[in-house]
Amino acid sequence: VILVHLPGSVDPNTDVLFNMQTRRVEEMVFLAGASDRWLVEPMYLFGARNWTWFESGSRNQVAKNEEIHAGVVGTVSQPLTSYFSLPPLERAMGRTFLPLASLAPEQRATLDLMLVFVDALPGGGGDGGGCDVSGEVHAYGVTFSAEKVVCVRAASLPSVSHLIAAMAPSHTVGILYLPPKFVESRVRDWRASPARLRIRAALEWVPDLMREADLFIRARLGDGACREARGGGR
């Protein structure tokens, strides 16, 4: 059985924090292990900031979408392997990731079930909790088509077990607009829990990215700053 993390935001341009994307990855790895599902390699999809714009005039506090759009230069879409090594995470999860290409060899993938969190939709899906989703989502260069769409509110799933039950018995499940901190708000002391710390410890930067970061820091701030950034050379 397979689990796919579809976009977590209706508007990726307003999703501008890399660390929040990483928290979503942590939670999806946990959900895959808890539900005994193979996780398709997650994608990072977020708005790339114009840091000068955001850091001036207290704009880091802006909340309106139109204001956030003014400080975003484009959308970044990159696989998890662009940032972190997969083997440590796979050991923490207890199985390997599935490449997206294996699920969508011709840029099309069929889902048995798409769970849509309506909380993210304008108006929260309306009083009836419905959602105007056609069953087809375009993301990561792939068209995902669902045979069945189920709209849910986060409040209707008070525990991780409720989410796992909602996915059963479907074989291939995609989760669309999973709310930030969904697991964190349902697992007691999640941030300090052994399960989360094991996943967090498995987030190892890919070597090429570390080398690029070292070169960038060294070129601008010198070798001392590079050692300090690495924790005193350790």
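This is a predicted model: local features need pLDDT of at least 70, side-chain atom pairs count only at pLDDT 80 or more; totals for chains, interfaces and linings use all residues.

A: The largest pocket holds about 220 Å³ of space. Its lining is made up of 16 residues, and G8, S9, D15, R24 and P180 are the ones nearest the centre. Sorted by class, that lining comes out as ten nonpolar, three polar and three charged residues.

Two of the residues nearest the pocket centre, D15 and R24, also pair up with each other: they form a salt bridge, with the closest N and O atoms 2.8 Å apart. Are these two partners buried or exposed? D15 has a relative accessible area of 11%, which is under 20%, so D15 counts as buried. R24 is buried as well, at 8% relative accessibility.

Now for the other charged pairs. The count for the model is seven salt bridges, and one of them runs between R200 and E26, whose closest N and O atoms sit 2.5 Å apart. On the accessibility side, R200 is partly exposed at 39%, whereas E26 is buried at 1%.

Then there's R191, which forms a salt bridge with E184, the closest N and O atoms being 3.8 Å apart. R191 is partly exposed, with a relative accessible area of 36%. Through salt bridges with shared partners, R23, E184 and R191 are joined into one network.

Key: Residues are numbered from 1 along each chain as its sequence is written. Side-chain values use heavy atoms; hydrogens and water are left out. On a 1 Å grid over the protein atoms alone, a cavity is a set of points where a 1.4 Å probe fits but cannot get out, and a pocket is an open set with protein on both sides within 12 Å along at least five of seven lines; lining residues have an atom within 4 Å of a point. Grid points are joined across faces, edges and corners, and a volume is the space filled by probe spheres set on the points. Ala, Val, Leu, Ile, Met, Phe, Trp, Tyr, Cys and Pro count as nonpolar, Asp, Glu, Lys and Arg as charged, and the others, Gly among them, as polar. A salt bridge is a side-chain nitrogen of Lys or Arg within 4 Å of a carboxyl oxygen of Asp or Glu. Buried means under 20% relative accessible area, exposed over 50%, partly exposed in between (1.4 Å probe, protein chains only).
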